[in-house]
Amino acid sequence: LRDMFVLPSIFILLAASLALPDANPALYIFDKFFASNKRLHKSFNGKRIWITGASSGIGAELSRQLHSHGAKIIMSGRREEELRRVQSICQTNDASDSSIIVNKSTNTLCDISILPFDVTDSDEKISTVVSTALNFYGGLDVLILNAGAGQLSPAIDDSFSTTRALMEINYMGPVR
């Protein structure tokens with residue numbers, strides 16, 4: 001009797017692994033059936049969004065995608081040259097738009113501002129950066145705390161100073 005259920009069970013598991021996404025099923029369903037460009041544009045158009053860790057990876061892609069849906073972006077990170085690279089990618093995406101405005105005094109290009117800083121800076125410096133960010137577009141609607149660092153080696157091989165540095169970036173940075 002047990003063998004009678006083994007083969008169908010394996011088939012069901014195999015079929016489910018092919019059909020179901022490797023993510024939250026609710027997000028998958030929303031993305032496949034409800035998230036249209038028109039709906040995303042309506043949701044993000046004109047929103048003032050500050051993204052930390054925007055010089056590469058997820059932060060850079062978020063900046064690009066949210067800007068393409070009409071958001072006003074403030075990109076922050078430690079590497080200003082990388083922030084400018086991401087900014088220029090967005091400029092390339094907007095090349096067909098004749099209303100692009102470049103304001104060199106405020107580091108603003110087509111509603112993408114660059115505000116370089118390190119999340120491990122002093123509390124005073126971070127307070128100054130927050131005040132500056134709030135003045136770019138007259139306030140914020142969304143803050144995405146994306147800055148972070150990872151550890152590729154086994155924890156046993158790292159020193160306490162390495163662990164402390166990771167805690168400063170990944171925990172204390174967002175808390176401050």
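Predicted model: local features only at pLDDT ≥ 70, side-chain atom pairs only at ≥ 80, totals over all residues.
**Main core.** I began with the largest nonpolar core and found 13 residues in it. Ile-49, Ile-51, Leu-66, Ile-73 and Met-75 have the most contacts inside it. I then looked up who supplies this core: strands E1 (48-52), E2 (72-76) and E5 (112-114) and helices H4 (57-68) and H5 (80-93) each give at least two residues. H5 gives the most, with three.

**Ile-73.** I listed its neighbours, leaving out residues up to four places away in sequence. Ile-73 touches Ile-49, Ile-51 and Leu-66, and also Ser-63, His-67, Asp-111, Ile-112, Ser-113 and Tyr-137.

**Aromatic pairs.** My count came to two. Trp-50 and Phe-117 have ring centres 6.0 Å apart and planes at 45 degrees, so I noted the pair as tilted. Trp-50 sits in strand E1 and Phe-117 in the loop between E5 and helix H6 (123-136), 67 residues apart. I checked burial too: Trp-50 is buried at 5% relative accessible area, and Phe-117 is buried at 10%.

The other pair is Phe-136 with Tyr-137, also tilted, with 6.3 Å between centres and 45 degrees between planes. Here Phe-136 is partly exposed at 21% relative accessibility, whereas Tyr-137 is buried at 16%.

**Helix H7.** I finished with residues 160-175: the helix has 16 residues and spans 21 Å from first C-alpha to last, close to the expected 22 Å. I also noted a kink of about 35 degrees, centred on Glu-168.

Note on methods
Residues numbered from 1 in each chain as written. Heavy atoms only, no water. Core = buried A, V, L, I, M, F, W, Y, C linked by side-chain atoms within 4.5 Å. Buried < 20%, exposed > 50% of the residue type's maximum accessible area, 1.4 Å probe, protein only. Helix = DSSP H or I, 4+ residues; strand = E, 2+ residues; numbered from the N terminus. Contact = heavy atoms within 4.5 Å. Expected span 1.5 Å × (residues − 1). Bend = angle between axes of the 7 residues up to and from the residue. Phe/Tyr/Trp six-rings, centres within 6.5 Å; stacked < 30°, edge-to-face > 60°.
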